[in-house]
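Here is a short briefing on one protein model.

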Amino acid sequence: MSAAAARRTALAAQGFGKRKPAVTNRKTVLDVLSRTQLLQLDSVSAVVRAHYAPVFSRIGAYDRGLLDEAAWSHNARRPRRLVEYWAHEAALIPVQDWPLMRWRMAKYEHGRWQSAKRVLEHSPTLTKDILDVIREAGPSTAGEVERHLELDKPRSKDHWGWNLSDTKIICEQLFATGELSVDKRVGFARHYDLTERVVPPEVLARRVAEGDAFRELIRRAATALGIATEPDLRDYYRMHRSQTEPAIAELIEAGELEQVEVAGWDKPAYLHTGAKTPRAIEGAALLCPFDPLIFFRPRTERIFDFHYRIEIYTPEPKRVHGYYVFPFLLDGELVGRVDLRAERATGRLLVPGAFAEPGHRTMETAVALKNSLREMADWLELDEIVLGVKGDLAPLL
């Protein structure tokens, strides 16, 4: 395959190049998940939470409540369709995929972090106490669990060693092992509940052998990526090479993957046999830093010739492009990047900087970006767009 054909294949697999729906609803939102397979969660809310943005990039303005309902619904008529777990990173995945992650839950059984081991050494009953509180009180944040524990054992903390940090660590440990799940989020805070009260019993009862789970996860990654190297497939669910290589071989033998060479790629590629390669990809989209199309940076650079690093943790004087930068996709290419901030109190979308990729500092790029910014501002209910002066695209914008 040519590099351009591979790029179009990857974009089509992720849901780009399609005409945006005239009406958005629960089905159109979940259709995005049928392509991406997961949505990464992240606490940064400089513009909008990371799991909302990829849906907007693919279908345009939609009611974020539709995604909330799919992930945290308590409505028996419209049951929960998504659940949280460690997939790529913390992510929303289809509820039906929960059993595919049991191998990871087993891996975390003896502690995902050293801090959990240390906490349990000095508070060996904390796990049981947390589970007892949640069983009785229902969905709770770590802080609410802590307050219940203080009421149950009103002694000096010097005697029992608990604090909010310890409680949060063990809640997260129980989430990692699958004993707790997330019932809902309020202000992005997790409300933990017993997994059997979050995941449907028929899903909870399903057992998948490790090898079958690995193969199924690689099948999902290949569907989402369209065409990918082994490291691309491995990264999608953060797996190990020893897990991915046998799964890839099995999928090739089954006729679901085909090994191909892509011009300019330094590794063999695997084409999903159901992937489409359109003649062109049209349309524009702003991509959040955690969008599944670009969250594996080596793949982003290989496919788009686009070097991208998030600069949130870079000291401001050393930032090249800005704090929270959205790559700009236009007609199948990454043509620029824009530093964005939503200032909700004043109803403004701030654009401190706008930068063109080489060869794309054109009025066409600026007009398309202007329209995309207006669409985003309207979706976020921000009235005004405030342009900064940084970047070579800023004057044209």
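Cys-288 is buried, because its relative accessibility is 1%; buried means under 20% relative accessible area, exposed means over 50%, and partly exposed lies in between (1.4 Å probe, protein chains only). The model is predicted, so local features need pLDDT of at least 70 and side-chain atom pairs count only at pLDDT 80 or more, while totals for chains, interfaces and linings use all residues. Residues are numbered from 1 along each chain as its sequence is written, and side-chain values use heavy atoms, with hydrogens and water left out.

**Cysteines**

- Cys-171 is also buried, at 0% relative accessibility.
- The disulfide count is zero, where a disulfide is a pair of cysteine sulfur atoms within 2.5 Å.

**Salt bridges**

- The whole structure holds 30 salt bridges. Each is a side-chain nitrogen of Lys or Arg within 4 Å of a carboxyl oxygen of Asp or Glu.
- One of them joins the side chains of Arg-190 and Glu-84, at 3.2 Å from N to O. This pair links distant parts of the chain: Arg-190 sits in strand S5 (residues 189–194) and Glu-84 in strand S2 (residues 82–86), 106 residues apart. Helices (H or I, at least four residues) and strands (E, at least two) are DSSP runs, numbered from the N terminus.
- Arg-190 and Glu-84 are both buried.
- A network of salt bridges links Glu-84, Lys-168, Glu-172, Arg-185 and Arg-190.
- Glu-230 and Arg-234 form a salt bridge through their side chains, at 2.5 Å from N to O. Both residues belong to helix H13 (residues 230–236), four residues apart, or about one turn of the helix.
- Glu-230 is buried, with 9% relative accessibility. Arg-234 is partly exposed, at 24%.
- The side chains of Arg-241 and Glu-245 meet in a salt bridge of 2.5 Å, N to O. They are separated by about one helical turn because they lie four residues apart in helix H14 (residues 241–253).
- Arg-241 is partly exposed at 47% relative accessibility. Glu-245 is partly exposed too, with a relative accessible area of 38%.

**Aromatic pairs**

- The count comes to nine aromatic pairs. Rings of Phe, Tyr and Trp (its six-membered ring) pair if their centres lie within 6.5 Å; planes under 30 degrees apart count as stacked, over 60 as edge-to-face and the rest as tilted.
- Phe-56 and Trp-379 are stacked, because their ring centres are 4.3 Å apart and their planes are at 0°. Phe-56 lies in helix H3 and Trp-379 in helix H16 (residues 363–379), so the pair ties together parts that are 323 residues apart in sequence.
- Phe-56 and Trp-379 are both buried.
- Tyr-85 and Phe-175 are tilted, because their ring centres are 5.7 Å apart and their planes are at 55°. This pair links distant parts of the chain, with Tyr-85 in strand S2 and Phe-175 in helix H10 (residues 164–176), 90 residues apart.
- Tyr-85 and Phe-175 are both buried.
- One aromatic cluster is formed by Phe-56, Tyr-62 and Trp-379.

- In helix H4 (residues 64–72), the buried residues are Leu-66, Leu-67, Ala-70, Ala-71 and Trp-72.
- These buried residues of H4 pack against helix H2 (26–36), strand S1 (39–40), helix H3 (53–59), S2, strand S3 (90–94) and strand S4 (180–186). Contact means heavy atoms within 4.5 Å.
- At the start of H4, a side-chain oxygen of Asp-63 comes within 2.8 Å of the backbone nitrogen of Gly-65.
- Helix H7 (residues 126–137) has 12 residues and reaches 16 Å from its first C-alpha to its last, close to the 16 Å expected at 1.5 Å a residue. The expected span is 1.5 Å times one less than the number of residues.
- The buried residues of H7 are Leu-126, Asp-129, Ile-130, Leu-131, Val-133 and Ile-134.
- Gly-138 follows H7 and has a positive phi, near 90°.

**Met-101**

- Met-101 sits in the loop between S3 and helix H5 (102–107). Met-101 is buried, at 1% relative accessibility.
- Leaving aside neighbours within four places in sequence, Met-101 contacts Tyr-85, Trp-86, Ala-87, Ile-93 and Leu-217.
- The C-alpha atoms of Met-101 and Glu-146 are separated by 28 Å, and the two residues are 45 apart along the chain.

Terms used:
A polar contact is a pair of N or O atoms within 3.5 Å; within protein, one must be able to donate a hydrogen and the other to accept it, and residues adjacent in sequence count only if both atoms are side-chain atoms.
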